[in-house]
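Morning, everyone. Please bring up the model on your screens, and we will walk through it together.

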Amino acid sequence: MTLNLTLNGKKIEAQAGQTILDVAKAHDVRIPTLCYHKDLSPTGNCRMCVVDVKGSRTLQAACVTQVWDGMEIETESPKAVASRKLSLELMLANHSPNCATCDISGECDLQDIVYEYQVDAPAWGTKGTRYKVDSDPNPFVRVDFNKCILCRRCVEACAEIQVRDVWGVSKRGFEEVIVAGAGTTMLEARCESCGQCVAYCPTGALSNKLSYGQG
């Protein structure tokens, strides 16, 4: 079924079942994402892809919101941009402030978007190091949850691609953290050391232990 909608003031056509992000990509309109990956089920939890939809009371996550006939979308409205910047500031407040020395500096999705939006950590500072660095004895995967942004891409990749369900989410609010199993080691949680979680992590929270520090 063909739908008629407006994207950034331009009349376009879309198909029923497509998300706003799908339609934007089809028309070469970039919407920033962090938790989204084309290989994984969209979750909409990072709030980087929020857009303005006329008539909606709140901003909509483009990766999970399906389009409808007559929808009017603004991807770069002041409200959407301000929301993205706030989300980035809060991520940086809970993130290790060491981008320049991070092993994946230059290859980090979060770093790229922070530079794009010219965002710094909030004036009240950062939370610092909360978790033990290299905290898991897995011989291949280096874990540093001080760099985790809770995007859950590792959880999705392990569950949907490797079908092992090693990673999960524990606690809520500020204490929320990614855990292996029920708070065990990765190997105890049936990890096969396949590296999928590392490949899909957008930051340096999960990295290759064998090559760490050699870049």
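Let's start with helix 2, where the buried residues are Ala80, Val81, Arg84, Ser87, Leu88, Met91, Leu92 and Ala93. Buried means under 20% relative accessible area, exposed over 50%, partly exposed in between, with a 1.4 Å probe and protein chains only. Helices are DSSP runs of H or I, at least four residues, and strands are runs of E, at least two, numbered from the N terminus.

Keep in mind that this is a predicted model: local features need pLDDT of at least 70, side-chain atom pairs count only at pLDDT 80 or more, and totals for chains, interfaces and linings use all residues. Residues are numbered from 1 along each chain as its sequence is written, and side-chain values use heavy atoms, with hydrogens and water left out.

What do the buried residues of helix 2 pack against? They pack against strand 3 (50-53) and helix 3 (109-117). Contact here means heavy atoms within 4.5 Å.

Next, Ile12. This residue sits in strand 2, residues 10-15. Is Ile12 buried or exposed? Ile12 is buried, because its relative accessible area is 6%. Leaving aside residues up to four places away in sequence, Ile12 touches Leu3, Asn4, Leu5, Leu7, Val23 and His27. Now take Leu34. Ile12 and Leu34 are 22 residues apart in sequence, and 26 Å apart in space, C-alpha to C-alpha.

Last, back to helix 2 for its length. Helix 2 covers residues 78-93, which is 16 residues. From first C-alpha to last, helix 2 reaches 22 Å, close to the 22 Å expected at 1.5 Å a residue. That expected span is 1.5 Å times one less than the number of residues.
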